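Thanks for coming. I have one structure to go through, so let me put it on the screen.

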Amino acid sequence: MREMQTKPDLIIGNYSDGNLVATLLAHKLGVTQCTIAHALEKTKYPNSDIYLDKFDSQYHFSCQFTADLIAMNHTDFIITSTFQEIAGSKDSVGQYESHIAFTLPDLYRVVHGIDVFDPKFNIVSPGADMTVYFPYTETDKRLTAFHSEIEELLYSDVENDEHKFVLKDRNKPIIFSMARLDRVKNMTGLVEMYGKNAHLKDLANLVIVAGDHGKESKDREEQAEFKRMYSLIEEYKLKGHIRWISAQMNRVRNGELYRYICDTKGAFCIL
């Protein structure tokens, strides 16, 4: 505010901690607040409320669910990606809907946590930047200057902090996935499924982009997923079949990476 010489007109929060900070600031300054949950953890970990004693020491759900409730009720409007995120479907509960009523044993009971039909909810469907993520068939727009870097990333014989394990047959198509290295994204589940399927190993290579080999994670869940990933690669003898690449932050090059995978007649796996 010192920089702007005035208070803001709008404060936008993202994730549980960001939304709580936005709530405190918006309340103190008396300005409009926007909440974007991005991901509410309550539905991702079934029964995380009932079995709070099992989860809370590791995930601190009591703090997170409380922060989420405060933010979603104080905010002036909420941005979501889909209706299902708000109120779910006939087969699954919505992320916000799961906060209507629940109990945190020995802490408190929620009887009306949120009104999922409140007009404060707004659906803004996400979209991709088509200047970056366009079809691989649009050859005149392809960013071929990145191809040497991408080949190094995928096929180099060197193992370092950016990529581990070497593909022995580069003529195979690639099964590709890029995500955070945590239980919810289940990258280790993909590796286990691939490892168990001998026919699939014969047909295609597996390339995953997850985690950071060059920096030790401080997140206990990610640490556990790192250990499990190495264990699965060893158990199913995946050396020569898998390439494990550290998280990539260059989104322009990532767009061309997806298209390069398409050039191999490969497939993108969404978890």
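Start with Q64: leaving aside neighbours within four places in sequence, Q64 is in contact with S16, E41 and Y59, contact meaning heavy atoms within 4.5 Å. A word on the source: this is a predicted model, where local features need pLDDT of at least 70, side-chain atom pairs count only at pLDDT 80 or more, and totals for chains, interfaces and linings use all residues. Residues are numbered from 1 along each chain as its sequence is written, and side-chain values use heavy atoms, with hydrogens and water left out.

Is Q64 buried or exposed? At 17% relative accessibility Q64 counts as buried; buried is under 20% relative accessible area, exposed over 50%, partly exposed in between, with a 1.4 Å probe and protein chains only.

Q64 sits in helix α3. Helices here are DSSP runs of H or I, at least four residues, and strands are runs of E, at least two, numbered from the N terminus. Helix α2, residues 52–59, packs on helix α3, residues 61–74, at about 85 degrees, with the axes 7 Å apart. Axes are lines fitted to C-alpha atoms, for helices over the stretch in contact, and angles run from 0 to 180 degrees between N-to-C directions. That makes α2 roughly perpendicular to α3, the term for 65 to 115 degrees. From α2, L52, F55, D56 and Y59 meet F61, S62 and Q64 of α3.

Last, helix α6, residues 187–196: seven of its ten residues are buried, so α6 is largely enclosed by the rest of the structure. Among the buried ones are M187, L190 and Y194.

Note on methods:
Angles under 35 degrees count as roughly parallel, over 145 as roughly antiparallel, 65 to 115 as roughly perpendicular and the rest as oblique.
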